[in-house]
Amino acid sequence: MSAMTPTFVLIHGSNANSFSWAPLQRELALLGHRSLAVDLPGHGFAAGLPSAYQTQDAAELAVAPSKLDGVGLQANVDHLVAVLERARVHGPVVAVAHSRGGVTLTAVANRRPELFDRIVYASAWCCVEHTPGEYVARPENAGSVLDQVFGVAAANPARLGAVRMNWRTADPALLGALKESMLADGTDDEFRVLLSTLTPDESRDAGGPEDRANAETWGRIPRSYVRLSRDLSIPIELQDLFIKEADALTPGNVFDVHTLESSHAGILVHPERFAAVLAGLA
């Protein structure tokens, strides 16, 4: 490998892990590109998986301790910085975030912009003028169907110290809403496999006003946004708002924009077109 060959550093979204990226990494390798997939703290094999999740004991699942109790965005930042510092020894770094992974990407880019040669948001949160909670309430988010899947919550986040989801629900209405929100363009089998890769717990800390994009640091890094036109978790209108606000923040350095016809998780399950876009950025 040439020392100038970029490393794609892949940052997962909520309740996901490095396993989510395996199909994309295969396609990138076949196109001649190296990559590494990050497990943020409390994810991957470090994730908590209460025995009650396996047995589907709802009462116990609601109170079983979480490894993400008290683990916030700063832990993600520290972990990703350490990964990027090691990756950068071998050449340029292109960081790619999906979904909530964009919150971590922005926070690290605010603090350590020199670690990146390009940042890529794939239907990912890119908070500029508002916090994630404020964006959820905006009209651009009206097309999201996530309000139909609240029943998958398995515990009180305030009591647990983390957000816990029961992806193994047998409720047909919930499963239908989950498939629509995540993988409406996939088969039922693909959807069930996708659910099996998710773990129940996620951090409550999605960042605050101080974690929005900073023009002086984040704003000087070349950046791309991959729009997913069939996304019903982060609607295309909200993706476009992220792009619009970011470009207004740094008009001299705007998003390089690409569009794929895909659901929220479609690019993970069928990553060929996404890999081609990334290969074009190398």
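At what angle do the axes of helix H4 and helix H5 cross, and within what distance do they come? In this predicted model, the axes of H4 (residues 73-88) and H5 (residues 101-111) cross at roughly 65° and come within 9 Å.

The crossing in which H4 passes H5 is right-handed.

On the H4 side, the contact is made by Leu73, Gln74, Asn76, Val77, Leu80, Val81 and Leu84. Their partners in H5 are Val103, Thr104, Ala107, Val108 and Arg111. By class, the residues of this contact comprise 8 nonpolar, 3 polar and 1 charged.

## Packing of H8 against H9

A further helix pair is formed by H8 (residues 172-183) and H9 (residues 188-197), whose axes lie 11 Å apart and pack at an angle of about 90°. This angle makes H8 roughly perpendicular to H9.

Leu175, Leu178, Lys179, Met182 and Leu183 are the H8 residues that meet H9. In H9, the residues facing them in the contact are Asp188, Glu190, Phe191, Leu194 and Leu195. The contact of H8 with H9 contains 7 nonpolar and 3 charged residues, with no polar ones.

## The largest cavity

Rolling a probe the size of a water molecule over the atoms shows where empty space is left. In the whole structure, the search finds 2 cavities of 30 Å³ or more. The largest cavity has a volume of about 80 Å³.

Its lining consists of 14 residues, and those nearest the centre of the cavity are Leu40, Asn76, Arg100, Thr104 and Glu202. H4 and H5 are the elements that give two or more residues to this lining. The largest share, 3 residues, comes from H5. Asn76 and Thr104, which lie among the residues nearest the cavity centre, also take part in the contact between H4 and H5.

The lining of the second largest cavity has 4 nonpolar, 3 polar and 2 charged residues.

Note on methods:
Residues are numbered from 1 along each chain as its sequence is written. This is a predicted model: local features need pLDDT of at least 70, side-chain atom pairs count only at pLDDT 80 or more; totals for chains, interfaces and linings use all residues. Side-chain values use heavy atoms; hydrogens and water are left out. Axes are lines fitted to C-alpha atoms, for helices over the stretch in contact, and angles run from 0 to 180 degrees between N-to-C directions. Helices (H or I, at least four residues) and strands (E, at least two) are DSSP runs, numbered from the N terminus. A crossing is left-handed if the near helix is turned anticlockwise from the far one by less than a right angle, and right-handed if clockwise. Contact means heavy atoms within 4.5 Å. Ala, Val, Leu, Ile, Met, Phe, Trp, Tyr, Cys and Pro count as nonpolar, Asp, Glu, Lys and Arg as charged, and the others, Gly among them, as polar. On a 1 Å grid over the protein atoms alone, a cavity is a set of points where a 1.4 Å probe fits but cannot get out, and a pocket is an open set with protein on both sides within 12 Å along at least five of seven lines; lining residues have an atom within 4 Å of a point. Grid points are joined across faces, edges and corners, and a volume is the space filled by probe spheres set on the points. Angles under 35 degrees count as roughly parallel, over 145 as roughly antiparallel, 65 to 115 as roughly perpendicular and the rest as oblique.
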